[in-house]
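Please keep the sequence and the 3D view open while reading.

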Amino acid sequence: MRYDAHETLTAPARPSAHPLRLAGGVVLVILLYLPLAYAYASFAPGALGYDGSASLLEGRAPLAVLILLFGFTFLIFSLGMTLRLVHQRGLGSLIGPSGPALAQFLRCLRYLLPLYLVLTLMPMPADYQLSPNLSPGRWILWLPLALPCVLIQTSAEELVFRGYLQSQLAARFRSPVIWIGLPSALFALFHVNPQMPAGETWAVMIWAGFFGVAAADLTARTGTLGPALALHFINNVFAILVTAPAGQLDGLALYTFPLTLGEAGFAWYVLPIELIFTLCAWLTARIALRC
C-alpha cells in the first residue's frame, strides 16, 4: 500500500484512539488556546510598541504581521498540553522520526523554491499585476524575524490537522476517506474569512480543502510531517512575504496585487491559479521524495 509509511505516525495514537478522546482533546485545545490568544492579543501589541494606527487583524504593518503569526505559538502550546493530558503522547509523535522529517523537509524545500519562483514570475493578466510594497532593503531586514514566524504559523496548523487529527483518526478508522477527508474539511472551515462576501468564502474553502488533501497525502506517503510542513511553509512564505493582496496581511510583502479580499469575484478569479499552484507543488514534492 502507498500509505504503509503512515503507520509511523498512527502507532503512537492507537492507545488513545477512541473518538470520544479525540473529541475531548479538540475541545481542550480550544479551551486552552482561546484565553491565551485573547490575553496575547490584548497585551502583546502595546508591549511591542505597535501603535494600532490600523487594525491588527488587517496586517498592514510589518510588526502587525509578526504579532499575528507569532500568536500561533499558543496553539502549539495548547496542543502539546492536550496531548499529554488526554493522549499521553508528545508533540514529537505528531512529526515522526526527527532525522527523516528534517531531511524530507529540506529536500522538498530545495525542489519547491525554484518552482514557486518560476510560477510567481510567470506573466499574469493585466488586473493581477504586482506592485512594489516594501523596498528590497527593508524587506531583507525583516526576513530574519518573518521567516521563523511563518514557520511557527505553518507548524501549528500542520501539527493540528495533519499531525493530531489525521493520526488519531487513522488509528481508529482504516479508510483514508475519513482520516484525510475529515481533517481537510476542517482545515477548509478554518480558512473561512468573515471579511469576505459569503459567496467568495466557498472558493477559499475549496482551495484550502484541496491543499489539505495534498498535505495529508504527502504525510501518509512519507510517515513524517516534514513534506507537508515544507509545502505549507513555502506556500505561505510566497503568500505573505513575497506577494499579498493589497490591504490584507500585506505588511511584510515585497509586492502586492491590486485585488482585495472583499472584492466581488476575487476568490473565484484566483481559485484556478491557486489550485494549479498546489497541484504542481504536490507533484514536485512527490518527485523530490520519489514517493
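## Helices α7 and α11

In this predicted model, helices α7 and α11 pack with their axes 9 Å apart, at an angle of about 135°. An angle of 65 to 115 degrees would be roughly perpendicular, and one over 145 would be roughly antiparallel. The pair is therefore oblique. The crossing of α7 and α11 is right-handed.

Which residues of α7 and α11 meet? From α7 come Trp139, Leu143, Ala146, Leu147, Val150, Leu151, Gln153, Thr154, Ser155, Glu157, Glu158 and Arg162. From α11 come Ala228, Leu229, His232, Phe233, Asn236, Val237, Ile240, Leu241 and Val242. By class, this contact has 13 nonpolar, 5 polar and 3 charged residues.

## Helices α3 and α7

Two packed helices are described by the angle between their axes and the distance between the axes. For helix α3 (residues 62-70) and α7, the axes come within 8 Å and cross at roughly 20°. Angles under 35 degrees count as roughly parallel, so α3 is roughly parallel to α7. The crossing of α3 and α7 is left-handed.

On the α3 side, the contact residues are Pro62, Leu63, Leu66, Leu69 and Phe70. On the α7 side, they are Arg138, Trp142, Leu145, Ala146, Cys149, Val150, Ile152 and Gln153. The contact of α3 with α7 divides into 11 nonpolar, 1 polar and 1 charged residues. Ala146, Val150 and Gln153 of α7 meet α3, and these three also meet α11.

## Helices α4 and α7

Helix α4 (residues 73-87) packs on helix α7 (residues 136-172). Their axes lie 8 Å apart, at an angle of about 25°. α4 and α7 are therefore roughly parallel to each other. Their crossing is left-handed.

α4 brings Thr73, Leu75, Ile76, Leu79, Thr82, Leu83 and His87 to this contact. α7 brings Ile152, Ser155, Ala156, Leu159, Val160, Tyr164 and Gln168. What classes do the residues of the contact of α4 with α7 fall into? There are 9 nonpolar, 5 polar and no charged residues. Ile152 meets α4 and also α3. Ser155 meets α4 and also α11.

## Valine 29 in helix α2

Valine 29 sits in helix α2 (residues 19-47). Is valine 29 buried or exposed? Its relative accessibility is 9%, so valine 29 counts as buried.

Setting aside residues up to four places away in sequence, valine 29 touches Leu75, Ser78, Leu79 and Thr82. Leu75, Leu79 and Thr82 are also among the α4 residues that meet α7. Leucine 83 is 54 residues from valine 29 in sequence. In space, the two are 9.1 Å apart, C-alpha to C-alpha.

## The sheet

Strands of a sheet pair through backbone hydrogen bonds, either parallel or antiparallel. Here 3 strands form an open sheet with mixed pairing, in the order β1-β3-β2. β2 and strand β3 (residues 255-257) run parallel, joined by 3 bridges.

Helix α11 (residues 226-242) lies across β2 and β3. It runs at about 65° to β2.

## Threonine 256 in strand β3

Threonine 256 lies in strand β3. Its relative accessibility is 9%, so threonine 256 counts as buried. Leaving out neighbours within four places in sequence, threonine 256 is in contact with Gln129, Leu130, Ser131, Asn133, Ala244, Ala246 and Asp250.

## Positive phi at two residues

Most residues other than glycine have a negative phi. Leucine 249 has a positive phi of about 55° and is not a glycine. Its place is the loop between β2 and β3. At 23% relative accessibility, leucine 249 counts as partly exposed.

Arginine 290 also has a positive phi, near 55°, and is a residue other than glycine. It lies in the segment after α12 (266-289). Is arginine 290 buried or exposed? At 61% relative accessibility, arginine 290 counts as exposed.

Key: Residues are numbered from 1 along each chain as its sequence is written. This is a predicted model: local features need pLDDT of at least 70, side-chain atom pairs count only at pLDDT 80 or more; totals for chains, interfaces and linings use all residues. Side-chain values use heavy atoms; hydrogens and water are left out. Helices (H or I, at least four residues) and strands (E, at least two) are DSSP runs, numbered from the N terminus. Buried means under 20% relative accessible area, exposed over 50%, partly exposed in between (1.4 Å probe, protein chains only). Contact means heavy atoms within 4.5 Å. Two strands pair if DSSP finds at least two bridges between them. Axes are lines fitted to C-alpha atoms, for helices over the stretch in contact, and angles run from 0 to 180 degrees between N-to-C directions. A crossing is left-handed if the near helix is turned anticlockwise from the far one by less than a right angle, and right-handed if clockwise. Ala, Val, Leu, Ile, Met, Phe, Trp, Tyr, Cys and Pro count as nonpolar, Asp, Glu, Lys and Arg as charged, and the others, Gly among them, as polar.
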